[in-house]
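Look over the chain and its fold before reading on. The report then works from the overall make-up down to single residues.

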Amino acid sequence: MKVRPLADRVIILPAPAEEKTIGGIIIPDTAKEKPLKGEIVAVGNGTKDEEMVLKTGDQVLYGKYAGTEIEIEGEKYLIMRQSDVLAVLG
């Protein structure tokens, strides 16, 4: 990845939304609920007041409205502060 977040920010690749059907009706992408977990693909260096505790490859949970959606090379990612990450899985 050619993008490196600054300070205490991380870039997350969200887990794909699960395909749901209701009685044979497929729910369109616009109605799918956003996933609340993903994988960290890049991290900043932290700040002088807060060291970076997350690392590339961590599976994390984040808040429903956390982060800003960005698109890099046709792939959608979220960029957010380390403090917006709720938990590390595993």
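## Overall make-up

This is a predicted model. The protein has 0 helices and 8 strands. Read from the N terminus, its elements run β-β-β-β-β-β-β-β.

Of the 90 residues, 28% count as buried. The accessible surface comes to about 6,400 Å². Carbon and sulfur atoms hold 52% of that surface. Take the contacts between residues at least 6 apart in sequence: 62% of them join residues at least 24 apart.

## The sheet

An open sheet is built from 6 strands. Their order is β6-β7-β1-β4-β5-β8, and the pairing is antiparallel. β6 (68-72) and β8 (85-89) stand at the edges. Each has a single partner strand, so one side of each is left without a neighbour in the sheet. On average, neighbouring strands are turned by 45° against each other, direction ignored.

Side chains in a regular strand alternate between the two faces of the sheet.

## β7 and its two partners

On one side, β7 (residues 75-81) pairs with β1 (residues 9-14). The sense is antiparallel, over 4 bridges. V10 has M80 in β7 as its bridge partner.

β7 also pairs with β6, again in the antiparallel sense, over 5 bridges. Here the bridge partner of E69 is L78 in β7. β6 and β7 form a hairpin with 2 residues between them. In the turn, E73 has a positive phi of about 50°.

## The nonpolar core

Which residues make up the largest nonpolar core? There are 11 in all: V10, I12, I40, M52, L54, V60, Y62, A66, L78, M80 and V85. β1, β5 (59-62) and β7 are the elements that give two or more residues to this core. The bridge partners V10 and M80 are both among its members.

L78 is another core member. Not counting residues up to four places away in sequence, L78 touches V10, I11, I12, P14, Y62, A66, G67, T68 and E69. Among these contacts is E69, the bridge partner of L78.

## Q82, a buried loop residue

Q82 sits in the loop between β7 and β8. Is Q82 buried or exposed? Its relative accessible area is 6%, and the cut-off for buried is under 20%, so Q82 is buried.

What does the side chain of Q82 reach? Another is the backbone nitrogen of V53, at 2.7 Å. Leaving out residues up to four places away in sequence, Q82 touches D8, E50, E51, M52, V53 and L54. Two of these contacts, M52 and L54, belong to the largest nonpolar core.

G44 lies in the loop between β4 (37-43) and β5. At 6% relative accessibility, G44 counts as buried. Its contacts are P5, L6, A7, R9 and M52, not counting residues up to four places away in sequence. M52 is also a contact of Q82. The C-alpha atoms of G44 and Q82 are separated by 9.1 Å, though the two residues are 38 apart along the chain.

D58 lies in the loop between β4 and β5 as well. D58 counts as buried, at 10% relative accessibility. The side chain of D58 reaches the backbone nitrogen of K55 at 3.0 Å. Leaving aside neighbours within four places in sequence, D58 is in contact with G38, E39, I40 and V88. Of these, I40 is a member of the largest nonpolar core.

## A17, a partly exposed loop residue

A17 lies in the loop between β1 and β2 (21-22). How accessible is A17? Its relative accessible area is 33%. Buried means under 20% and exposed means over 50%, so A17 is partly exposed. A17 and L36 are 19 residues apart along the chain, and their C-alpha atoms are separated by 9.3 Å.

Key
Residues are numbered from 1 along each chain as its sequence is written. This is a predicted model: local features need pLDDT of at least 70, side-chain atom pairs count only at pLDDT 80 or more; totals for chains, interfaces and linings use all residues. Side-chain values use heavy atoms; hydrogens and water are left out. Two strands pair if DSSP finds at least two bridges between them. Axes are lines fitted to C-alpha atoms, for helices over the stretch in contact, and angles run from 0 to 180 degrees between N-to-C directions. A nonpolar core is a set of buried Ala, Val, Leu, Ile, Met, Phe, Trp, Tyr and Cys residues joined through side-chain atoms within 4.5 Å. Buried means under 20% relative accessible area, exposed over 50%, partly exposed in between (1.4 Å probe, protein chains only). Contact means heavy atoms within 4.5 Å. A polar contact is a pair of N or O atoms within 3.5 Å; within protein, one must be able to donate a hydrogen and the other to accept it, and residues adjacent in sequence count only if both atoms are side-chain atoms. Accessible areas come from the Shrake-Rupley method with a 1.4 Å probe; for residues, only the protein chains shown count as cover.
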